[in-house]
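Please keep the structure in view while reading.

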Amino acid sequence: MKNRLLDSQRRGGDVSLRVAVVGSGPAGLYTAEALMKQATGPVTVDVLERLPTPYGLVRYGVAPDHTSIKSIAGYLRGVLELPDVRFLGGVEFGKDVDAADLLACYDAVVYCTGAMVDRRMGIPGEDLPGSVAATDFVNWYCGHPDVPADRFVLDSSEVAVIGVGNVAVDVVRVLAKTAEELRATDVPEEVLRRLAASRVRTIHMIGRRGPEHAKFTLKELRELGELTNADVRVRREECRADVTAASRQVRGNVEVLQSWAARGLAGRPRLVDVRFWMRPVEILGEGRVEALKLERTRLVEGRVTGTGEFETLPVGMVLRSVGYRSVPLPGVPFSESTMTVPNEAGRVRDREYVAGWLKRGPTGVIGTNKSDAAETVRTLLADLAGREPVRHADLDDLLAARGVSPVTYEQWLSIEAAEAELAKSLDRGERVKLLGLAAMLTACGR
Ligand SMILES: Cc1cc2nc3c(=O)[nH]c(=O)nc-3n(C[C@H](O)[C@H](O)[C@H](O)COP(=O)(O)OP(=O)(O)OC[C@H]3O[C@@H](n4cnc5c(N)ncnc54)[C@H](O)[C@@H]3O)c2cc1C
Ligand SMILES: NC(=O)c1ccc[n+]([C@@H]2O[C@H](COP(=O)([O-])OP(=O)(O)OC[C@H]3O[C@@H](n4cnc5c(N)ncnc54)[C@H](OP(=O)(O)O)[C@@H]3O)[C@@H](O)[C@H]2O)c1
């Protein structure tokens, strides 16, 4: 009903400001919200999303057992329910529409497509089967339609996770927990079955610098020490650090790690082996990953430098959790050095703007995108103040002519309802993710 009213308003040639937001993650939806809050006149926002589902990494990134963070989706839902905001799922920028199309239909476009691709380490063996980007593994356990459920078989007893950021901690925790502990989450049923069959016993988490340089946050680190199914091992000699002048966060991390180094192992079924001052130099194996060669490091003039002392871990899988990067959008400026869209306070060029990870790189928590989006919207509204609309086309007509029928907000609600129904039938938590685009589209009657 809401969308129908909006459609008739739009077709009636009203003079409200019309903005297209590309991407429905936190940045896109905070942008839509900021437009509603900051605009002094009428404004309508269409949020275009390549998937049939909104919320970006809140749905397909935030770890399934972090239910309180996942509940941010409830707040973002409120944005999609604002009367002048419309969700158009299943519309991909670069495939279904391009910048010229959107600039013909809207007064301004805000790109918020995030940073969906893994960074590379640039070492030999990185492309061996069993060397996996954390992005793929996260997508797998989150049920992202880009990664099929049969993508992973956890048949190695030892695995390595490279990187000591919060994504690495998420991946380690999911590998360390029992399937039973994840049963009440929204992990797809087939993924849960594969986690239940996991033969993983030791998970090495590898930091190329010291504990004082680790990127994880204290709350997330502490959770590793509270696992009921896994011990944590830290080597005393690897977590020595002078942190007297460091931030509270860094001091906290180091203190927690040092306390783990001082305590014994309790004999739990799995082991999380946290390493520092070790960098991966080669992934070894005939036809698939059989081992990971590490080199001890030290800092020389602030740079990570090898010491020539090596160690080889007998791992069957290497998960590279060394950060994300954005991909260029066709026809939109992109800096290959920063892997972001160059901008001034969100302005890319006339009537084109950017927000979120695509604007500033893959850093910060969900809330960081709110102030980031607010800045972009301030720039946009100041630029467009007093301007006559130049748009002359209608996106609905354009999509219809191309045979693209967007997934509406109401249809997304049907997908949500089907996920709740599935959870009930399986006697699991609030929802269980549907696997694959076909299942989602069937759930919304398409
Ligand atoms: C694994 C992981 C776990 C995280 N966990 C937490 C956490 O627990 N707490 C926390 O505070 N932060 C967490 N973060 C960080 C948080 O998710 C990000 O700050 C936030 O999602 C970035 O928002 P965004 O909108 O820029 O990007 P995204 O959330 O990635 O949203 C981008 C959206 O654009 C869509 N899109 C992409 N390309 C196109 C296209 N061509 N056309 C149309 N649509 C497109 C995508 O499908 C997606 O929906 C996590 C990040 C990761 C990677
Ligand atoms: N619960 C949460 O709040 C939560 C959960 C998940 C993600 N997030 C956020 O999402 C963002 C992305 O997280 P992230 O973990 O992907 O990235 P990140 O915080 O940037 O961590 C990347 C890690 O990879 C290491 N690394 C990079 N290149 C490497 C290489 N070539 N070899 C070995 N190690 C390498 C980095 O080490 P160096 O420091 O030495 O470069 C760092 O430890 C962060 O802002 C994070 O806080 C938050």
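A residue is called buried when its relative accessible area is under 20%, exposed when it is over 50%, and partly exposed in between. The model described here is predicted, and in it Arg77, at 28% relative accessibility, therefore counts as partly exposed.

**Salt bridges**

Side chains of opposite charge can pair when their charged atoms come close. A search of the whole structure finds 42 such salt bridges, and three of them are set out below.

| Salt bridge | N to O distance |
|---|---|
| Glu33 and Lys370 | 3.9 Å |
| Glu416 and Arg77 | 2.9 Å |
| Arg233 and Asp273 | 3.2 Å |

In the pair formed by Glu33 and Lys370, the closest N and O atoms are 3.9 Å apart. Glu33 is buried, at 9% relative accessibility, whereas Lys370, with a relative accessible area of 33%, is partly exposed.

Arg77 meets Glu416 in a salt bridge. Because Glu416 lies in helix 16 (residues 409-425) and Arg77 in helix 5 (residues 72-80), the pair ties together parts that are 339 residues apart in sequence. Glu416 has a relative accessible area of 13% and is buried. Both residues also belong to a network of salt bridges that links Arg59, Arg77, Glu81, Glu416, Glu419 and Arg431.

Which parts of the chain does the pair of Arg233 and Asp273 tie together? Arg233 lies in strand 9 (residues 230-234) and Asp273 in strand 10 (residues 270-275), so the parts are 40 residues apart in sequence. Arg233 is partly exposed at 31% relative accessibility, while Asp273 is buried at 1%.

**Aromatic rings**

The count of aromatic pairs comes to 8. One of them joins Phe137 and Tyr141 edge-to-face, with 5.6 Å from centre to centre and 85 degrees between the planes. These two residues are 4 residues apart in helix 7 (residues 134-142), separated by about one helical turn, and both are buried.

Phe137 also pairs with Phe152, and because their planes stand at 80 degrees, with the ring centres 5.2 Å apart, this pair is edge-to-face. Phe152 lies in the loop between helix 7 and strand 7 (158-162), 15 residues from Phe137, and both Phe137 and Phe152 are buried. Ring pairs link Phe137, Trp140, Tyr141 and Phe152 into a cluster.

**Charges over rings**

The charged end of Arg18 sits over the ring of Tyr106, 5.9 Å from the ring centre, and that of Lys293 sits over the ring of Phe310, at 4.6 Å from its centre.

Terms used
Residues numbered from 1 in each chain as written. Chains lettered and ligands numbered in written order. Predicted model: local features only at pLDDT ≥ 70, side-chain atom pairs only at ≥ 80, totals over all residues. Heavy atoms only, no water. Salt bridge = Lys/Arg side-chain N within 4 Å of Asp/Glu carboxyl O. Buried < 20%, exposed > 50% of the residue type's maximum accessible area, 1.4 Å probe, protein only. Phe/Tyr/Trp six-rings, centres within 6.5 Å; stacked < 30°, edge-to-face > 60°. Lys NZ or Arg CZ within 6 Å of the ring centre and 35° of its normal.
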